[in-house]
Amino acid sequence: MDYKELIKSFTKENFLNNVNLHIHTKFSDGELSVEELLKQARDKGFEYIAVTDHNTVNAYLETDLLNENFVITGVEFDCWYKGIFFHLLGYGIDVHNEELKPFLAKNKKETEADWVRIFARRDVKKLIKAIHNAGGIAVLAHPACCWCISMENFVKTLKDIGLDGLEVYYPYDRHRGIIKFHSRHIMEKIADKYGLIKTGGTDCHHDLTPLSQL
């Protein structure tokens with residue numbers, strides 16, 4: 001399946017109501033098991049979801065998640081670039097890809113402990129290349145929360161090394177309201193200007209709720 005084209009086809013209404021591409025499970029710092037997550041997703045009518053645990057794809061390797069046809073593979077990496085800490089989402093990746101393995105967590109603390117994850121040292125250019133070589137796309141997670149003077153310049157530098165998209169649709173006014181430096185409107189404008197894919201998700205760590213209800 002061409003996940004890039006699939007994700008590009010999702011609309012704002014999809015991300016608000018029935019598509020959630022940012023979810024964490026017990027394999028990182030989430031509270032839900034994969035089984036609990038899948039049950040909630042079905043019960044609430046989600047058409048597509050992506051499990052994006054921090055720095056690990058073990059949810060895919062150790063469960064039957066890959067057999068679910070409404071699940072898009074994903075992962076969320078902790079990164080630094082140009083002195084800025086940010087999260088990079090990889091979607092539609094082959095979770096068995098050898099090039100991705102050096103970038104994945106070596107232990108559980110690297111998937112859940114903030115004080116460990118913030119010291120991550122990943123070569124972002126090589127990471128984006130690895131995501132592409134694993135068949136995936138690279139998306140800047142909750143960009144409005146990135147601390148930088150010029151969001152546009154930062155996005156442009158990432159696009160120059162292969163960034164594919166921005167996570168535009170996100171509950172900024174809720175659990176990241178206190179560390180929001182830019183607006184969703186600005187993110188949409190930047191995505192449109194640079195031809196970047198617009199994605200969305202709730203950053204779910206417990207109950208899976210549509211973005212429109214947050």
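Which residues of helix α7 (residues 124–133) are buried?

## Model and conventions

This is a predicted model: local features need pLDDT of at least 70, side-chain atom pairs count only at pLDDT 80 or more, and totals for chains, interfaces and linings use all residues. Residues are numbered from 1 along each chain as its sequence is written, and side-chain values use heavy atoms, with hydrogens and water left out.

## Helix α7

Val124, Leu127, Ile128, Ala130 and Ile131 are buried in α7. Buried means under 20% relative accessible area, exposed over 50%, and partly exposed in between (1.4 Å probe, protein chains only). Helices (H or I, at least four residues) and strands (E, at least two) are DSSP runs, numbered from the N terminus. Viewed down the axis of α7, the buried residues fall within an arc of 160°, so they line one face of the helix. That arc is taken from the directions from the helix axis to the C-beta atoms. Lys125, Lys126 and Lys129 are exposed on the other side of α7.

The cover over the buried residues of α7 includes β3 (74–81), β4 (84–91), β5 (137–140) and α8 (151–160); contact here means heavy atoms within 4.5 Å. Aspartate 123 caps the N-terminal end of α7. One of its side-chain oxygens lies 3.2 Å from the backbone nitrogen of lysine 125. Just after α7, glycine 135 takes a positive phi of about 85°.

## Aromatic pairs

The whole structure holds 5 aromatic pairs. The rings of phenylalanine 10 and phenylalanine 15 have centres 5.8 Å apart and planes at 90°, so this pair is edge-to-face. Rings of Phe, Tyr and Trp (its six-membered ring) pair if their centres lie within 6.5 Å; planes under 30 degrees apart count as stacked, over 60 as edge-to-face and the rest as tilted. Phenylalanine 10 is buried at 10% relative accessibility. Phenylalanine 15 is buried at 2%.

Tryptophan 80 and phenylalanine 85 form a tilted pair, because their ring centres are 5.3 Å apart and their planes are at 55°. Tryptophan 80 is partly exposed at 30% relative accessibility, and phenylalanine 85 is partly exposed at 25%. Phe10, Phe15, Tyr48 and Tyr169 form one aromatic cluster.

## Salt bridges

A search of the whole structure finds 11 salt bridges. Each is a side-chain nitrogen of Lys or Arg within 4 Å of a carboxyl oxygen of Asp or Glu. Lysine 8 pairs with glutamate 5, with the closest N and O atoms 3.5 Å apart. These two residues are 3 apart in helix α1 (residues 3–9), so about one helical turn separates them. Lysine 8 is partly exposed at 46% relative accessibility, as is glutamate 5 at 42%.

Aspartate 29 forms a salt bridge with arginine 117, the closest N and O atoms being 3.9 Å apart. Aspartate 29 lies in the loop between β1 (19–23) and α3 (34–43), and arginine 117 in helix α6 (residues 114–117), so the pair ties together parts that are 88 residues apart in sequence. Aspartate 29 is partly exposed at 24% relative accessibility; arginine 117 is buried at 6%. Glutamate 98 and lysine 101 also meet in a salt bridge (2.8 Å, N to O). Shared partners join Asp29, Asp78 and Arg117 into one network of salt bridges.

## Cysteines

The structure holds 0 disulfides, a disulfide being a pair of cysteine sulfur atoms within 2.5 Å. The sulfur of cysteine 145 is 7.3 Å from the closest cysteine sulfur, in cysteine 146, too far for a bond. For cysteine 146, the nearest cysteine sulfur is that of cysteine 148, 5.9 Å away. Cysteine 145 is buried at 12% relative accessibility, and cysteine 146 is buried at 2%.

Note on methods: A polar contact is a pair of N or O atoms within 3.5 Å; within protein, one must be able to donate a hydrogen and the other to accept it, and residues adjacent in sequence count only if both atoms are side-chain atoms.
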